[in-house]
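Me: Please take a close look at the pocket of this model and tell me what lines it.

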Amino acid sequence: MEPGVLRFAPAKVNLFLHVGERHASGYHDLLSLAVFADIGDMVSVTRADRLTLTLSGPNCVGLDAGPSNLVLRAAAALQEWSLARGQAVGGASLTLHKALPVASGIGGGSSDAAATLLLLTRHWGLVISDEDLFRIGRSLGADVPLCLRGAPSIMSGEGEQLAPAPDLPDFSMVLVNPGVELSTAAVFASLQVRSGARAPASPDRFKTPRELAAWLDRATNDLAAPARRLAPAIMRVEQALVATKDCLLSRMSGSGATCFGMYPGVESAQAAASVLRAAHPDWWIASCGLLAPQ
């Protein structure tokens, strides 16, 4: 393929997620420290007269390739924006290689949408401000602006307020999903206890993974309790992760059901993933590191 026709869509991991008050819009105040992993989906594009989407990859089974898919919704929204401003564009033949599990709390759909917006902006040669691109992203979902930024961030407000995260040490993770899809709306509907949109005071820089894990242990994921009620397998995943050697922290990401374990290095994460795969061959398990800045 020619340069510029591929875009990586990394997994997003919420290291903590606190929920505050619900607004009239239906959205809640949130506060989260989010990072991006070096594993994810891939979106590619070739020239075409209209917008189409083809699905591939191990987790595309049952995924809708029609207009409701976030990739096509992102493409259509960007196309509409460009035409409204006299920037004529054609179509696009898009392919989504789905490596991440669906509806799993690691931002797969949002990251796919963000990757599509960035890919098509280049493919179509559009002149668009970051403000407009983020506005389009926001119309697609609360996590899309975060995924457009693609860097460790403190997310607040309804998801639209983004600030750089403190300097983080390099660490590795193991992501585990027990094969359960969870509706974000259902998890929020079951939410009973909220920490409020606040977090423990943090330093400007965390020197070691252990220091970061100790600070994260003072925070939580408010959505974990309702998610466990809907999918009890989440608790088994958390327990399995924390029982592995050198695991510094085990927690659910986003609205679940994917959980992560934090490890001080690549070797310890890979060893933990091997142990978990042997014990739970039916779970989706991946060891990964932090995505390098792009």
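Reply: A pocket here is an open set of points, on a 1 Å grid over the protein atoms alone, where a 1.4 Å probe fits, with protein on both sides within 12 Å along at least five of seven lines, and its lining residues have an atom within 4 Å of a point. Grid points are joined across faces, edges and corners, and a volume is the space filled by probe spheres set on the points. The model is predicted, so that local features need pLDDT of at least 70 and side-chain atom pairs count only at pLDDT 80 or more, while totals for chains, interfaces and linings use all residues. Residues are numbered from 1 along each chain as its sequence is written, and side-chain values use heavy atoms, with hydrogens and water left out.

The largest pocket has a volume of about 1,200 Å³. It is lined by 45 residues, of which Ser-110, Ala-142, Asp-143, Thr-184 and Ser-255 are the closest to its centre. Two or more lining residues come from each of β1 (6–22), β2 (28–46), α1 (70–84), α2 (108–123) and α5 (184–189), where helices (H or I, at least four residues) and strands (E, at least two) are DSSP runs numbered from the N terminus. By class, the lining holds 19 nonpolar, 17 polar and nine charged residues; Ala, Val, Leu, Ile, Met, Phe, Trp, Tyr, Cys and Pro count as nonpolar, Asp, Glu, Lys and Arg as charged, and the others, Gly among them, as polar.
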